[in-house]
Amino acid sequence: MKTVRLTAAQAMMRYLANQLTPEGVPFISGVWAIFGHGNVAGIGEALHSNRDIVTTWRGQNEQSMAHAAIAYAKQLGRRRAMAVTSSIGPGAANMVTAAALAHVNRLPVLFIPGDVFANRGPDPVLQQIEDFNDGIMTVNDCFRPVSRYFDRISRPEHLLTALPRAFRTMTDPADCGPVTLAFCQDTQAEAYDYPESFFEPKVWYTRRPRPDEEELARAIAAIKAAKNPVIVAGGGVHFAGACDTLRAFAEKHQIPVVESQAGKSALPWDAPMNFGAVGVTGTACANALCEKTDLVIGVGTRFQDFTTGSWALFKNPGRKLMSLNIQPYDSTKHEALPLVCDAKIGLEMLSEGLGDLRFPTPDAKLKSDWFAIADAATAAPADANNLPTDMQVIGAVQRQSRDNTVVMCAAGTMPGELHQLWKSNLPLSYHMEYGFSCMGYEVAGGLGIKMAEPHRDVIVMVGDGSYMMMNSELVTAVALNHKITLVITDNRGYGCINRLQMGAGGAEFNNMYAHTTHVVPPEIDFVAHTAAMGADSRKVANIAELEEALAAARESTRTTVIVIDTDPYPAMEEGGFWWDVVVPEVSVRQEVKDARVQYEANRKERQ
């Protein structure tokens with residue numbers, strides 16, 4: 001057997017470069033790295049010596065560079081991914097939040113945090129977490145519950161089994177998610193005679209499992225027995241590349257489709273069977289259909305709280321639930337009839353089994369009535385002197401968007417309004433991280449989208465609160481010349497959670513800057529701040545100026561930031577659905593007591 005002598009870190013990087021997609025490009029497109037004592041000498045040297053075959057980017061924060069990697073994988077429908085490395089200690093701990101985000105959203109990313117010395121020589125090494133009762137516990141064990149696969153590389157030969165397992169996980173459609181290989185820092189530098197065959201190019205194919213015959217038969221029978229079924233499209237539709245298949249299925253059988261946050265843009269907004277967003281942040285037309293349906297057909301959705309209105313949305317007492325999902329865990333939630341298979345294959349086989357079955361045409365007026373409301377909400381205000389609403393900002397961005405535009409967001413006010421109001425034309429033109437709803441994802445996520453699809457016009461919608469959480473990868477976007485456009489809506493605090501607080505009967509407290517404990521009220525100059533990081537930045541006074549700035553940004557070659565002050569209180573009054581946010585049973589505030597009465601009434605509706 002021919003061997004080659006390499007350090008463990010060098011072997012890892014050589015292996016990464018030779019794991020290919022069916023298109024013949026590396027599945028791991030590069031490595032994000034912030035070096036510290038726990039990875040600079042081993043992994044750092046290996047990345048340098050392999051720099052011609054493995055690209056390395058330097059981020060500004062371990063969490064945010066991981067966010068960029070995750071957005072990259074999401075935008076490419078999980079067909080490629082990135083690796084992220086940090087030192088032991090705070091660098092590793094910073095990435096745990098990003099690992100949780102990837103885990104919730106079922107997205108592939110390879111985390112390679114440095115770890116303690118396997119030889120136990122320097123003990124405790126700098127930044128080591130010590131468990132008084134466990135000699136092998138390190139900060140990297142925090143990754144275990146938020147990783148699909150976890151391993152600790154404490155011997156060079158561990159890579160021979162750990163790396164193939166890592167790639168199996170990242171490329172498996174059912175188990176896909178983050179992988180953590182905690183890499184002991186002395187092991188990184190140890191040499192080993194690796195078999196040359198270990199580094200031969202390998203193509204990783206994504207399987208498309210076909211359904212079990214009995215499950216398929218039961219699913220077909222359930223649809224045939226239904227009178228008014230509704231399809232809930234989730235993120236799995238995108239990951240399976242099943243958008244066209246879903247549209248063909250829905251139009252052939254005349255079954256309306258509603259979209260979760262992850263599923264939005266699976267169908268064009270004006271497709272005849274697309275009735276828009278569903279659930280807590282759903283459209284009135286979609287939720288009206290869901291309240292009456294007798295068969296909910298989930299396709300690639302995990303039926304989370306927001307999608308189902310805390311499971312109170314589907315009001316028909318005789319309704320049944322069917323779940324077409326690649327992951328068995330998701331397919332049987334709430335006693336759903338399971339159909340475990342690939343979304344594209346499953347829809348094709350369902351359609352074949354249904355033959356020419358067509359349901360009554362859904363009421364198109366539901367949809368036209370909704371968009372009349374939505375268009376009015378997003379129209380430019382008559383009085384340009386008033387602070388604009390978030391809905392009006394969305395309208396301006398929509399009017400200035402093109403077919404190649406990707407609008408993205410993560411947390412705060414914008415996700416709910418965008419879910420209801422944004423008109424997506426193409427698959428993956430709507431990028432929302434709402435599984436973990438992680439504030440601070442936006443700037444780095446926008447960078448990751450642009451790296452995935454450089455031809456796209458990426459518009460990042462971010463509130464001032466989320467921007468302040470994490471913004472430093474704006475420097476990286478400028479440095480790498482990956483042009484993105486940020487629209488910062490400044491409502492001077494956490495406007496979304498402030499409205500939720502008020503809706504639960506609470507007093508405005510600790511959310512808006514005006515209601516926080518302070519001596520000097522914060523007055524943040526976002527234009528100066530973003531300009532200092534290299535962006536072309538400006539503040540606009542109204543919606544008309546916003547549209548002018550967006551048009552200029554589209555033609556510019558530079559990363560652009562546009563800041564606009566907004567009114568923190570208005571939200572869409574139409575559409576949407578109840579969400580189970582607990583209200584205290586006891587309070588001195590009458591507003592809370594009143595909200596509790598309403599809360600209990602809503603809970604009875606769910607039961």
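Five bridges join strand S14 to strand S15 (residues 320-325), and the two strands run parallel in this predicted model. Helices (H or I, at least four residues) and strands (E, at least two) are DSSP runs that are numbered from the N terminus, and two strands pair if DSSP finds at least two bridges between them. Residues are numbered from 1 along each chain as its sequence is written, and side-chain values use heavy atoms, with hydrogens and water left out. Because the model is predicted, local features need pLDDT of at least 70 and side-chain atom pairs count only at pLDDT 80 or more, whereas totals for chains, interfaces and linings use all residues.

Strand S14 (residues 295-299) is mostly covered, five of its five residues being buried, where buried means under 20% relative accessible area, exposed over 50% and partly exposed in between, with a 1.4 Å probe and protein chains only. In a regular strand the side chains alternate between the two faces of the sheet. In S14, Leu295, Ile297 and Val299 point one way while Val296 and Gly298 point the other way, and all are buried.

An open sheet is formed by six strands in the order S18-S17-S19-S20-S22-S21, with parallel pairing. Its edge strands are S18 (430-432) and S21 (536-540), each of which pairs on one side only. Neighbouring strands of this sheet are turned by 20° against each other on average, direction ignored; axes are lines fitted to C-alpha atoms, for helices over the stretch in contact, and angles run from 0 to 180 degrees between N-to-C directions. Strand S19 (residues 457-463) and strand S20 (residues 485-490) pair in the parallel sense over five bridges, and in this pairing Val460 stands opposite Leu486 in S20.

Strands S19 and S20 are also among the elements that cover the buried residues of helix H15, together with helix H14 (364-378), helix H16 (413-421), helix H22 (543-555) and strand S22 (560-565). Helix H15 (residues 390-400) is mostly covered, with ten of its eleven residues buried, including Met391, Gln392 and Gly395. Thr378, which lies in helix H14, touches Met391, Gln392, Gly395, Arg399 and Leu421, not counting residues up to four places away in sequence; contact here means heavy atoms within 4.5 Å. Thr378 counts as buried because its relative accessibility is 11%. The C-alpha atoms of Thr378 and Asp490, which are 112 residues apart along the chain, are separated by 18 Å.

The axes of helix H7 (residues 213-225) and helix H13 (residues 343-354) come within 10 Å and cross at roughly 60°, which makes H7 oblique to H13; angles under 35 degrees count as roughly parallel, over 145 as roughly antiparallel, 65 to 115 as roughly perpendicular and the rest as oblique. H7 passes H13 in a right-handed crossing, a crossing being right-handed if the near helix is turned clockwise from the far one by less than a right angle and left-handed if anticlockwise. In this contact Leu216, Ala219, Ile220, Ile223 and Lys224 of H7 meet Met349, Leu350, Gly353 and Leu354 of H13, and the contact comprises seven nonpolar, one polar and one charged residues. For these classes, Ala, Val, Leu, Ile, Met, Phe, Trp, Tyr, Cys and Pro count as nonpolar, Asp, Glu, Lys and Arg as charged, and the others, Gly among them, as polar.

Helix H3 (residues 62-75) and helix H17 (residues 441-452) pack at an angle of about 45°, with their axes 7 Å apart, and are therefore oblique to each other. Their crossing is right-handed, and by class the contact of H3 with H17 has nine nonpolar, five polar and one charged residues.

Most residues other than glycine have a negative phi, and most peptide bonds are trans. A cis peptide bond with omega of about 5° joins Asp123 and Pro124, and Pro124 is placed in the loop between strand S6 (109-115) and strand S7 (149-153). Arg120, which lies in the loop between S6 and S7, has a positive phi of about 60° although it is not a glycine, and Arg120 is partly exposed, with a relative accessible area of 45%.
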